[in-house]
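Please look over the structure shown here, and read the report below alongside it. The report moves from the surface to the strands and then to the charged pairs.

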Amino acid sequence: MAVHARRPRLARARHRRPGDLAALRGAGYTTTILDAANVEPINGQPNAAAAVEGESAIVADATLSAALQAAAAATSDAEWGEASGRLSAELALRAAAGETSTLVATFARDAGVQPARVGATLAELEHWPWSPPANLAGAIGAPPTDRTLVDGHQGDGRLGGIRRLFESETSLTSFASVLDDPDVLTAPARRSLLALLDVAWIEDPAGWSTAVGEQLTEWNDARNAISVAPSSQVNVLSAGANFPTTVENKLPYPVNVVVHASPSNGRLVIEEDVTVTVPAESRTNVLVPVKAGVSNGNVVLTVTLSSPTGVPLGQPVQIPANVQADWEGVGATILAVVLVLFFGIGIWRNIRRRRRERAEAAAQGADGASSDVSSDTDVSTAPVGSEASEAPETSESPEGRND
């Protein structure tokens with residue numbers, strides 16, 4: 001029985017068709033491990049090493065593999081004892097029959113394997129004197145036996161599911177260019193893909209179909225996690241403006257996207273695309289520079305997203321816009337009129353106030369002058385009256401003048 005000591009380039013397969021082994025060698029795999037059901041049975045107990053269609057292969061022993069897998073998946077000591085005893089008995093019978101071939105048994109790759117049981121089973125194998133362990137290189141290097149490949153067609157349903165998985169995983173890899181580190185998305189996707197290609201699923205086609213559908217949905221949701229949020233009508237009131245739109249990112253990682261807008265007619269002209277980084281699980285407002293075109297009226301902008309490498313993202317969103325670029329000139333005129341009126345009224349009020357102040361000052365000056373004139377008249381007429389009253393006393397009588 002072979003125990004893995006090193007890991008050469010191997011391709012494990014349960015259902016292979018003619019030509020598959022050559023394709024695997026072209027992909028860099030030197031040896032293929034085949035299930036016993038994938039080759040024609042032969043008499044005797046040959047080595048696990050085989051030559052199939054001129055290619056190197058290893059054929060797993062079906063009986064030993066079943067007992068080994070049962071021991072590795074045992075959930076109780078009783079189950080493990082029964083399975084390991086069956087494995088020991090099978091090896092002892094073959095040794096008693098004088099068979100000295102190098103055999104290979106395989107573990108299952110599903111989640112039912114118990115690591116503790118695997119270790120205990122391997123420890124038991126090392127203590128059985130009738131089945132000394134060998135390494136994988138020794139199994140590959142043993143004299144090969146010519147074997148004939150059995151066409152292991154898996155059915156159109158399974159092949160269709162595998163095809164959809166590969167197409168979706170490839171699309172997700174292209175989509176991952178929005179990330180600074182694409183591996184955070186592509187590495188888990190590749191692990192999930194390999195798990196779904198596990199031969200353990202062959203015995204559970206219904207469960208595999210459900211798992212494939214769930215995985216395809218998960219990857220599709222990831223590709224649609226970046227989108228343009230719908231918006232109501234936007235009014236464009238100047239010849240040059242910034243058209244607002246919102247980009248949503250539902251991924252737990254920041255993404256880099258390019259926002260592109262395309263108008264339905266010549267009323268708006270898009271100046272350039274906008275590249276923006278949207279934080280994880282958030283929304284970001286993006287302003288796309290636009291210019292008013294040939295006339296006013298309604299226009300619909302189709303907003304799309306892409307990765308920095310040009311991979312389309314999400315679905316296009318159409319946002320209506322109302323272009324009224326003349327309002328910029330009308331608004332400027334109205335503002336100018338308001339400013340002229342404001343300052344004009346202020347100047348007019350200042351002029352009226354100053355005129356009123358001057359009129360009041362002039363009126364006060366006139367009243368002061370009248371008071372001064374009245375005072376001067378009283379002072380000057382007093383001596384005249386006095387002299388007139390005293391004149392008869394100083395003048396001579398007519399008789400005296402005659403004298």
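Accessible areas come from the Shrake-Rupley method with a 1.4 Å probe, and for residues only the protein chains shown count as cover.

Leu 339 is found in helix 9, which covers residues 327–394; helices (H or I, at least four residues) and strands (E, at least two) are DSSP runs, numbered from the N terminus. Leu 339 is partly exposed, at a relative accessible area of 41%, where buried means under 20%, exposed over 50%, and partly exposed in between (1.4 Å probe, protein chains only).

## Basis of the model and overall figures

The model is predicted, so that local features need pLDDT of at least 70 and side-chain atom pairs count only at pLDDT 80 or more, whereas totals for chains, interfaces and linings use all residues. Residues are numbered from 1 along each chain as its sequence is written, and side-chain values use heavy atoms, with hydrogens and water left out.

The protein chain has ten helices and 16 strands, and 32% of its 403 residues count as buried. Its accessible surface comes to about 23400 Å², of which 54% belongs to carbon and sulfur atoms. Among contacts (heavy atoms within 4.5 Å) between residues at least 6 apart in sequence, 72% join residues at least 24 apart.

## Strands and their pairing

In strand 3 (residues 31–34), Thr 31 and Ile 33 point one way while Thr 32 and Leu 34 point the other way, and all are buried. Strand 3 runs parallel to strand 5 (residues 55–59), to which three bridges join it, and Thr 32 stands opposite Ala 57 in strand 5. Two strands are said to pair if DSSP finds at least two bridges between them.

Strand 8 pairs with strand 10 (residues 240–249) in the antiparallel sense over three bridges, and Ile 226 has Asn 249 of strand 10 as its bridge partner.

## Salt bridges

How many salt bridges does a search of the whole structure find? The search finds six, a salt bridge being a side-chain nitrogen of Lys or Arg within 4 Å of a carboxyl oxygen of Asp or Glu. In helix 3 (residues 77–96), Arg 94 and Glu 90 lie four residues apart, about one turn of the helix, and they form a salt bridge in which the closest N and O atoms are 3.0 Å apart. Arg 94 is buried, at 12% relative accessible area, whereas Glu 90 is partly exposed at 23%; both belong to a network of salt bridges that also links Asp 61.

Arg 283 and Glu 248 meet in a salt bridge at 3.5 Å, N to O. This pair links distant parts of the chain, with Arg 283 in strand 14 (residues 282–292) and Glu 248 in strand 10, 35 residues apart. Arg 283 counts as exposed, at 53% relative accessibility.
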